[in-house]
Each structure stands twice: as structure tokens, then as C-alpha cells.
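Hi everyone, thanks for coming.

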Amino acid sequence: MKNEKTDIRQYRPSDCKEITELFYGTVHRVNSADYTKEQLDVWAPEQADLEKWNRSLLEHYSIVAVEGGKITGFGDIDETGYLDRLYVHADCQRRGIATAICDRLEEMISGNIITHASITARPFFEKRGYRVVKEQQVERQGILLTNYVMKKKYYGK
């Protein structure tokens with residue numbers, strides 16, 4: 001069910017700190033069923049490089065979901081169709097926010113969309129018509145994390 005109070009807008013540099021905090025909290029709470037604490041710590045370290053995050057979000061088509069003045073989710077996609085990030089606040093799961101964000105991101109692309117989905121996110125993407133191209137092990141600071149390269153053919157607006 002879509003939450004009517006949620007607005008989707010373009011990312012602004014002033015959102016960066018709140019987004020990195022949302023990312024950290026979501027990874028450590030939502031993904032903890034599928035990954036170890038050690039894996040979560042290298043995936044989402046407590047201290048984020050805000051300059052690097054901001055630069056990356058500005059280089060992509062990046063959007064945020066806002067509810068009551070608070071960011072409840074965010075996502076980004078680049079011009080090649082790589083859907084890089086899609087995260088929803090741990091307290092706002094299963095309210096249609098990820099679907100709304102993903103709908104907007106997919107509309108920006110005509111052709112293939114690729115994402116690297118976590119174990120946790122894989123079912124969400126499968127329900128949207130993405131298929132697993134391959135399972136992979138990603139190394140971060142000597143720690144391996146499993147994710148899935150997933151692909152969807154999309155024809156935008």
C-alpha cells in the first residue's frame with residue numbers, strides 16, 4: 001500500500017548526512033538477518049565519507065522519499081542503467097516507499113537495468129521482474145559479502 005504522505009524529490013547535497021545515517025541504520029537493522037555483524041560493519045561503516053557520497057549521488061539520477069520533513073528512503077541510477085542504491089529506513093519498511101522510488105528510477109532508463117542486490121533485497125527485485133544473472137562474492141576490507149547481479153529489461157516512459 002502506498003503511503004500518500006510520502007513525497008519523492010530529487011536529491012540535494014543538504015540531504016547527504018541524513019542519507020548516510022539512514023543507510024547505516026537500514027543495513028545494520030534490516031540486513032542483519034542475512035549478514036554477520038562483521039559483514040555489516042564493512043558494508044556500512046559508522047563513519048561515512050560524506051564528500052564521496054555526495055559526489056556519487058550528484059553524478060547519478062538520485063531521489064529521496066520524504067515524509068514529515070524526514071527522509072524515509074533514497075535511491076539512485078546512472079545513465080547506463082546501473083541501479084546503484086535503494087534503501088528505505090528500517091522503521092518504514094513494507095509501506096511502498098521502495099516501490100515508489102524504484103518506479104521513478106526505472107522510468108529514467110530505456111533498456112536494461114542492472115543492480116547488485118543483497119540477499120535481503122533479492123525477493124523485492126524478483127517481484128519487479130529482475131532476474132539473477134549471477135551470484136557473486138564482493139570483497140570489502142578482506143570480508144566477503146554475497147550479492148546478486150540482477151537484470152531487468154525496461155522500456156521507460
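Predicted model: local features only at pLDDT ≥ 70, side-chain atom pairs only at ≥ 80, totals over all residues.

Now, the answer: the partner of Asp 76 is Arg 85, in strand S4. That bridge brings us to the pairing of S3 with S4, which covers residues 82–88; the two strands run antiparallel and share five bridges. Between them sit four residues, and in this hairpin Gly 81 has a positive phi near 95 degrees.

If you'd like a pair to look for, Glu 67 has Lys 70 of S3 as its bridge partner. S2 and S3 also make a hairpin, with two residues between the strands, and Gly 68 in that turn shows a positive phi of about 60 degrees.

So how covered is S3 itself? Of the eight residues in this strand, which spans 70–77, seven are buried. As a reminder, in a regular strand the side chains alternate between the two faces of the sheet.

Let's move on to charges. How many salt bridges does the model have? The count comes to twelve, and I'll pick out a few.

One of them joins Asp 15 and Arg 9, with the closest N and O atoms 2.8 Å apart.

Another links Asp 91 to Arg 29, at 2.6 Å from N to O. Asp 91 is in the loop between S4 and helix H4, while Arg 29 belongs to helix H1, so this pair ties together parts that are 62 residues apart in sequence.

For a contrast, take Lys 37 and Asp 41, whose closest N and O atoms are 2.9 Å apart in their salt bridge. Both are in helix H2, four residues apart, about one turn of the helix. Lys 37 is exposed, at 59% relative accessible area, and Asp 41 is partly exposed, at 30%.

Finally, there is a network to look for: salt bridges link Asp 103, Glu 106, Arg 128 and Lys 152.

Methods. Residues numbered from 1 in each chain as written. Heavy atoms only, no water. Buried < 20%, exposed > 50% of the residue type's maximum accessible area, 1.4 Å probe, protein only. Pairing = 2+ DSSP bridges. Salt bridge = Lys/Arg side-chain N within 4 Å of Asp/Glu carboxyl O.
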